[in-house]
Amino acid sequence: MWPPCTVRPVILVGLTGGIGSGKSTVSGLLAARGAVVIDADAITRQLQEPGQPVLAAIVERFGDGVLDGGGRLDRPALAAIVFNDPDALKDLNAIVHPAVGVETARRIAAEQETDHVVVLDVPLLVETGRRGLAAVIVVDVPTDIAVQRLVEQRGMAEADARARVAVQASREDRLAKADIIVDNSDGRDALEARVAEVWEQISALPPTAAPASGGSVAPPR
């Protein structure tokens with residue numbers, strides 16, 4: 001759970017999508033149009049750098065086997081543990097989420113009293129929820145397309161790709177929570193045109209006035 005943070009004049013929107021959906025591409029396109037993107041995955045990676053308390057806690061819980069030869073987090077090794085053990089995943093979340101929440105709240109607070117559109121890029125936004133958003137944007141593709149992209153672009157085995165899709169919210173659940181849907185199944189040109197429409201839409205939203213809390217990050221990928 002993320003600490004509550006009252007955001008006044010900013011327009012605060014959530015951005016999410018299943019693994020392989022192209023959420024990061026959409027995030028980049030929104031940033032290019034002027035959005036301030038707060039990326040939960042990027043924050044997580046920063047907090048897991050050597051010397052950070054979060055990494056020390058991960059090693060204490062999971063052992064030195066989750067480090068590579070240079071003392072950095074071996075994400076595939078950690079993922080192999082948590083994707084096959086719900087209790088291990090819960091323990092990882094308990095270590096990572098509070099620290100990510102504090103840093104996210106700090107970044108939101110830094111945008112207070114501005115007129116910016118702030119995009120919270122959170123992989124598991126639908127699974128855990130977050131109050132106080134002006135809108136939730138869901139990047140959507142059919143499951144088979146997401147799996148194909150993971151296999152072709154990330155080199156995953158199909159079984160591994162499907163396992164990672166399965167631990168997230170279903171496509172139907174994400175769409176049910178969406179205020180705005182970005183279909184990313186028709187190629188780059190269509191995606192850019194859709195993001196242009198979405199930018200106009202979210203720029204016209206009223207500022208977020210309610211406290212925003214809740215949310216989550218993704219397991220290591």
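**View 1. Asp 121 and its contacts.** Skipping neighbours within four places in sequence, Asp 121 is in contact (heavy atoms within 4.5 Å) with Leu 15, Lys 23, Ser 27, Val 37, Ile 38, Asp 39 and Ala 40. This is a predicted model, where local features need pLDDT of at least 70, side-chain atom pairs count only at pLDDT 80 or more, and totals for chains, interfaces and linings use all residues. Numbering runs from 1 along each chain as its sequence is written, and side-chain values use heavy atoms, with hydrogens and water left out.

**View 2. Asp 121 and Ser 27, side chain to side chain.** A polar contact of 3.2 Å links these two side chains. The term covers a pair of N or O atoms within 3.5 Å; within protein, one must be able to donate a hydrogen and the other to accept it, and residues adjacent in sequence count only if both atoms are side-chain atoms.

**View 3. Asp 121 in its strand.** Asp 121 sits in strand β4, residues 117-121. Strands (E, at least two residues) and helices (H or I, at least four) are DSSP runs, numbered from the N terminus. The protein has 10 helices and 7 strands.

**View 4. Asp 121 and burial.** Why does Asp 121 count as buried? Because its relative accessible area is 0%, and buried means under 20% (1.4 Å probe, protein chains only). Across the protein, 48% of the 221 residues are buried.

Note on methods: Buried means under 20% relative accessible area, exposed over 50%, partly exposed in between (1.4 Å probe, protein chains only).
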